[in-house]
Every structure is written in C-alpha cells, then in structure tokens.
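Here are some comments for a colleague opening this structure for the first time. Please read them with the coordinates on screen, point by point.

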Amino acid sequence: AIAWGILSGKSTDPDHPRKAYFTHIYWATHDTGTSLAATGRPPFGAVDGLVGGAGKVNLSGWTIDPDMARTALSVHVYLGAPASSGDRYTLTADQVRNDVANAYPSTGNQHGFSGQLTTSRRGSVPVYVYAINVGGGSSGNPLIGSGTVTVS
C-alpha cells in the first residue's frame, strides 16, 4: 500500500465539524525531521568467519535489525544443534564494521560481532547463528548463518 498523506488536523468550524486536513507525507516528514518506516521486519546479517580449533570455535559476522537500525543486537550461537537444542552462547553485535556501514549508511557502523567459544564438544560440530529481533513484530529470530567446524 502507498500512503500519500497523513491527517494533520481537524476543522474547528461548527458548520463543518467532520472536515479534516491532510498534509502530503513528504512535507510532514521533511518539516518535522521524522521518517516513516515499516515495523516488524526481521533482522538480517551474515556469518563471515567460522573456524574450529582445539576446544574452541571462532566466529565473526554482522547483523542489523531494520526496525532498530542503530541498536546493537544480541546474537545467539548454538553448537551441536539448532536453537533451543544445542549449547547456547551469546555475543553482542557492537563492533565497528565500516563495510557494513558503507552498505547500509543509515545504520551506523557498530554491527559486527566476533567471539571465541570454548566447548567440550569434539569432532564435527554444527554451528547455528541467530540474530535476536529487537524491533518487534512476529518475525522471530532469523538464522543468519550456519556451518560445521572440526573441534579437536
């Protein structure tokens, strides 16, 4: 749907009490310095580093919630199985990522995450990374990356 105007006032004329005034959205947002945005959009991002090691899993990536674009998100990492089943770790996506800021200029540059997770798991270990939704709506916490690493 496309909106062309917003209600900006109501008539005080007793002969026309139902008359309403509308303002074009461009002028309403321009004059007040505000913006309109859809809500309930899911976070998105990527895992760009995932490596196993001696009792450890190293990972890095970035995430943004378009409804709260300048907010640092939590990232839940599950080792061994998907959400609510594996060993859970929490990271915060608050590290500087200028490449992300260049791709999404209105979001700021602090959306990166990285961590070294210690685990007792050995062998081939599945890894699942979820962005935690803070913008509301029912879009949930999307999987932004997964893979399998070897932990010795």
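**Notes on the sheet, the rings and one arginine**

1. Strands S9 and S10 run antiparallel to each other and pair over eight bridges. Within this pairing, valine 125 stands opposite valine 149 in S10. Please keep in mind throughout that the model is a predicted one.

2. Strand S9, which covers residues 123–131, also pairs with strand S5, residues 73–79, again in the antiparallel sense and over five bridges. Here valine 75 is the residue that stands opposite alanine 131 in S9.

3. These pairings belong to an open sheet of four strands, whose order is S6-S5-S9-S10 and whose pairing is antiparallel. Its edges are formed by strand S6 (87–93) and strand S10 (143–151), each of which pairs on one side only. On average, and with direction ignored, neighbouring strands of this sheet are turned by 25° against each other.

4. Turning to the aromatic residues, the count of aromatic pairs, taking ring centres within 6.5 Å, comes to four. In one of them, the rings of tryptophan 62 and tyrosine 104 have centres 5.8 Å apart and planes at 40°, so the pair is classed as tilted, given that stacked rings have planes under 30 degrees apart and edge-to-face rings over 60. The two partners come from distant parts of the chain, 42 residues apart: tryptophan 62 lies in strand S4 (residues 56–64), whereas tyrosine 104 lies in the loop between helix H2 (98–103) and strand S8 (110–118).

5. Which residues do ring pairs link into a cluster? They are Phe44, Trp62 and Tyr104. As for accessibility, tryptophan 62 is buried, because its relative accessible area of 13% falls under the 20% cut-off, while tyrosine 104, with a relative accessible area of 32%, is partly exposed.

6. A further residue to look at is arginine 97, which is placed in the loop between strand S7 (95–96) and H2. Is arginine 97 buried or exposed? With a relative accessibility of 17%, arginine 97 counts as buried, since the limit for that class is under 20%.

7. The side chain of arginine 97 is joined to the side chain of aspartate 48 by a polar contact of 3.2 Å. When its neighbours within four places in sequence are left aside, arginine 97 is in contact with Asp48, Gly61, Trp62, Asn109, His111 and Gly112. Trp62, named among these contacts of arginine 97, is also a member of the ring cluster described above.

Notes. Residues are numbered from 1 along each chain as its sequence is written. This is a predicted model: local features need pLDDT of at least 70, side-chain atom pairs count only at pLDDT 80 or more; totals for chains, interfaces and linings use all residues. Side-chain values use heavy atoms; hydrogens and water are left out. Rings of Phe, Tyr and Trp (its six-membered ring) pair if their centres lie within 6.5 Å; planes under 30 degrees apart count as stacked, over 60 as edge-to-face and the rest as tilted. Helices (H or I, at least four residues) and strands (E, at least two) are DSSP runs, numbered from the N terminus. Buried means under 20% relative accessible area, exposed over 50%, partly exposed in between (1.4 Å probe, protein chains only). Two strands pair if DSSP finds at least two bridges between them. Axes are lines fitted to C-alpha atoms, for helices over the stretch in contact, and angles run from 0 to 180 degrees between N-to-C directions. A polar contact is a pair of N or O atoms within 3.5 Å; within protein, one must be able to donate a hydrogen and the other to accept it, and residues adjacent in sequence count only if both atoms are side-chain atoms. Contact means heavy atoms within 4.5 Å.
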